[in-house]
Amino acid sequence: MRYSRLVSNIRMTDDVSNAAMLHREWDFNIAQQDAEFRDDLREASGIGKKKGRKRGRQHGPVLSHQVRALIGEGNQAYVDENIPEAIRIMQEVIRIEPRASSAWSVIAQCYEDSNEPKKALQLRIMAAHLRHDADEWERLAAQSRNLGYNQQAMYCFSKVYSLDPTNVDALWDRASLAKEINDLRAARHSLLAILKRFPHDMTVLAELRPILIEVSDLPLCASLYQAALEHYQTVQPLGPVQHIDPSLAEQTPPNQTFGFIDLLVLADLYNTMSECDNAIQIIRKGCRWLQGRASQRFWDGCVDDREYDIPREDMGNVIIERSGDIQPGHYPLDVNARHRLAIARIKLGDVEEGKMHASIVLAQDVLDYAALFGEIADSYFEREMYADARPIYEVLGADPATSSLYVLLQVAVCRRMLGDLQEAAEVYKQVIDADQTNNDAKMKLAELYEIMDEPRKALELVYQVIDSRKRRTNQPEATPTPGTVSQPQGASLFEEKSRTKSKTPAPGKSRLSLAELKALEEQREREVILGYTRAEDLWPRMLHGDAEAGREWMIEAEKLVEMFRETRNLFVTTRDYDFKGMLPKRRIQRRDDTEEDRMVSRLELNERDKHTRRAKDDGQASEKVNSFRGVTFSSWLRVFMQYAFVLTKRGDYDQAEEILRHILLSNAYRDSNSQNTIRIAIITCAVHAGKFPVATEQCRKIINTHQFNNEAFRLLLVSLASGHRPTDSFVSSTLQKHTLRELRLHDAAVKTPELMKWNVVGRKYNLSSSSGKEESSKVDEEADEETEIPGPPENNATEKTAIRMPTKNNPIIVALYGQMSLAAKSYQSAICKLVSLSRIYLLHAYDYCPEDPVVCLSLAIASLGRAMQRQSDNRHHMIAQGMAFLSQYRTLRKSHGDETLAEVDYNFGRAFHQLGLHTHAVTHYERVLEIAEKRGSEHASVAKEAAYNLSLIYVTTGAVPLADGLYRRWLSV
């Protein structure tokens, strides 16, 4: 029977939204095709040609006389209440002409009268495909939903909307039903279709938001909310209407404006997507618009959030000085909005502004705002600002209503990263006491005991973890619940499934055998050796400008680099695990117990015999793999650096930086020499591309790694040699604070070494927090917002042995900080700004090294610069002091030979030029030019600078011809 075949074909499909299948089965028109064929024959023969307007298409097929007679008999049988006969006749009609809709309807009514509603529903759906009636499809959708045929109901709702695009209720019902059965894809599609007809409707957006978040489509969600905000700001430019009469406010539909909650949602979306700049602008402009102050656009010119500063007396310990003409607005800001601002500022790196907002939020009751407290602490933790995250986690952990295992574990991590190992161990003990099955906490505590040289306690914990794992392995595994459970089909045309959020794990691929893995690795090794050899051969030709060789070298190098970066064994999460090869030798084990067994072996050796342990460690170190697929790691590193340098020269600096930063994470380059080499390579690329903030960041990391070493500061000075953009990075607040902290640490190491505490985790000295002095509190307040987790040590001895502290004062770091103040036009700070230990920067450097010409020249510049400021009340004294230091500089430089005479004269001319003594300045500038004329080395001296400054004096005094001569002789290309 054709009816059974059609139903079986429909049931074969599993896609509810695939309505085209039913169209293909039912929407054929044989009569129309036959009529068109006969018309074509008449037109071709010229006989019986139609005249006038062509008749339109008839609704339904053209029924034959036999079919019409049978339909009449069937109707008469139904009227006579002969249901079986009526069904038999109508089935015969359907066999002859399956598109006779009246036959389907009569059979459906017959089954309805026979109390078989499910069969009747099935037949009515078949008839509905022939009538194309939206109202009928809507009735069928309601009936299907009542009978529990959700997939069939969703299909019916789709047919309603396809026939009547204005019926939004059908889309809404389809979306609601899709959410009930957890079909997020269909719900998303339906709600977006509604939103297309009713743009910026907040009710629809509120329903759509959790679905988009569930499917991780955050960009689309943020764009929809952003468009809605812009729409309502255009419609209501002065802000939402504030009704005086509360009854009028109740009459306003809630979806006709963008509310405060929607503003917080949009800010959260931007913060989650790490678009913190957008989150800040949304909170600032959005709250201003909600407060009816949209016209106050001058606040957008402020890079900070002074618009929402609280009064100074309410700020507490966190006080930020605002500079500029615009005074703080002191406008109210809800705690939730301020929390979003704090999160965005902290993630963006504007830590001082973020701390100001965070302090206001943290002043609230922790029981009421525990979620906000936790998110602020998490933001500090993500920025690796453990000193700021720790007290917040401790506040949350102190109250049973806000405490949790996650909070306690975060407290333990913060204490460990800050060097308080004993306190971290106490927290891990509390976690283990609360949850004896928490193996992660036990392993973390075991690592702490190992660092604290308590191997017995560590062994006991590791044994507990191994026993727990064995017991868990022996327990029978529960049968996984499939993601979709099929239900009996009944009379539904679709395979009804109840969807759950748990996904059915995909069947895994068959794993390769050890022999196959070895064969595959050998093949890849041959490919790497061949590519590396080819790249080595092409490199000299590439350096000589061979374009074809350059293109081929880039292809080979890219293959090598990507192969290395895609190897997971080279980028393991446990940084302390050395690379042991692609197929390391290991004992046959039934379980994944490598980490625990490795720690047990290490601790047992440590406990058995220290001398034996050292010999074993040396043997293991000698067995360390130093190559990957036939190429040594040093050769790999050379390829990475060459590739990065070429990319940078070709303008693709971002790709070069990404590669080098990724290589930093490889366990193949854990040693300090490799880390330094890669960081210096990043600095080189950054300087070439003009990315001086990146160069400064890497220099700071090297300074942190090599504490009390002047070479790291020299590298910083070389990276920021000269120019406006390097100067901006040189005088940045983060670098100044970092240098000041290093200066204080160096001074404390010399003056009060008993206050210095060796941080085992960070492997550097810090000031002890238990000293109780004001200095420690200041250092804590100015904690670095970019404190990084130090790299892994090369061995245990290096980790536990503290470096030697300096025993005498260091003039370099003091002079460096003074020159930073000098470059920032803070001459008073450069000369005599007092720190907590009452030291003087440049004058202090002069005390340490009075025979250094650079220090003398810096002091002269600072003195003359201070004398030219309006705030100076002893100008003549400062000028005399500056000239004295300048004279001392001349004496010291002349002792180095006649090669420095031009430099000395230029500096004297520049000093007189600044003081307005043009006669003396001209004398020294002309002397510089005379020296350059005699030596013929104008390109290697300051002749061009002297000529330019001298031309300025000539132009100022009206001697334009003399200036023109200087331009032609010295300043022309």
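The following is a short exchange about a predicted model of one chain.

Reader: What does the chain contain in helices and strands?

Author: The chain has 46 helices and 6 strands. Of its 973 residues, 43% count as buried. The chain exposes about 52,700 Å², and carbon and sulfur atoms supply 51% of that area.

Reader: Why is Ala 153 called buried?

Author: Ala 153 has a relative accessible area of 0%. Buried means under 20%, so Ala 153 is buried. This residue lies in helix α9, residues 150-163.

Reader: Which residues does Ala 153 contact, leaving aside its neighbours within four places in sequence?

Author: With those neighbours left aside, Ala 153 is in contact with Ala 141, Ser 144, Arg 145 and Leu 177. As for Trp 137, it is 16 residues from Ala 153 in sequence, and their C-alpha atoms are 9.3 Å apart.

Reader: What does Arg 345 touch, not counting residues up to four places away in sequence?

Author: Arg 345 touches a list of residues that includes Asp 304, Asp 305, Asp 350 and Glu 353. Also among them are Ile 280, Arg 284, Val 303 and His 357.

Reader: Why is Asn 766 called partly exposed?

Author: Asn 766 has a relative accessible area of 29%. Buried means under 20% and exposed means over 50%, with partly exposed in between. The value for Asn 766 is 29%, so the residue is partly exposed. Asn 766 is found in strand β6, residues 764-767.

Reader: How do you know that Asn 766 and Leu 745 are in contact?

Author: Contact means heavy atoms within 4.5 Å, and Leu 745 is listed among the contacts of Asn 766. The C-alpha atoms of the two residues are 7.0 Å apart, a separate value, and the residues are 21 apart in sequence. Other contacts of Asn 766 include Leu 755, Met 756, Lys 757 and Asn 759.

Reader: Why are helices α15 and α17 called roughly parallel?

Author: Helix α15 (residues 260-272) and helix α17 (residues 335-348) cross at roughly 15°, and their axes come within 10 Å. Angles under 35 degrees count as roughly parallel, so α15 and α17 are roughly parallel to each other. Their crossing is left-handed.

Reader: What makes up the contact of α15 with α17?

Author: By class, its residues divide into 6 nonpolar, 2 polar and 3 charged. From α15, Phe 260, Leu 264, Ala 267, Asp 268 and Asn 271 take part. They meet Asn 336, Ala 337, Arg 340, Ile 343, Ala 344 and Lys 347 in α17.

Reader: How do you know whether α43 and α45 are roughly parallel or roughly antiparallel?

Author: Helix α43 (residues 901-915) and helix α45 (residues 943-957) pack at an angle of about 25°, with axes 11 Å apart. The cut-off for roughly parallel is under 35 degrees, and for roughly antiparallel over 145. Therefore α43 and α45 are roughly parallel to each other. The crossing of α43 and α45 is left-handed.

Reader: Which residues of α43 and α45 meet?

Author: Tyr 906, Arg 910 and His 913 in α43 meet Glu 945, Ala 946, Asn 949 and Ile 953 in α45. By class, this contact of α43 with α45 has 3 nonpolar, 2 polar and 2 charged residues.

Technical notes. Residues are numbered from 1 along each chain as its sequence is written. This is a predicted model: local features need pLDDT of at least 70, side-chain atom pairs count only at pLDDT 80 or more; totals for chains, interfaces and linings use all residues. Side-chain values use heavy atoms; hydrogens and water are left out. Axes are lines fitted to C-alpha atoms, for helices over the stretch in contact, and angles run from 0 to 180 degrees between N-to-C directions. Helices (H or I, at least four residues) and strands (E, at least two) are DSSP runs, numbered from the N terminus. Angles under 35 degrees count as roughly parallel, over 145 as roughly antiparallel, 65 to 115 as roughly perpendicular and the rest as oblique. A crossing is left-handed if the near helix is turned anticlockwise from the far one by less than a right angle, and right-handed if clockwise. Ala, Val, Leu, Ile, Met, Phe, Trp, Tyr, Cys and Pro count as nonpolar, Asp, Glu, Lys and Arg as charged, and the others, Gly among them, as polar. Buried means under 20% relative accessible area, exposed over 50%, partly exposed in between (1.4 Å probe, protein chains only). Accessible areas come from the Shrake-Rupley method with a 1.4 Å probe; for residues, only the protein chains shown count as cover.
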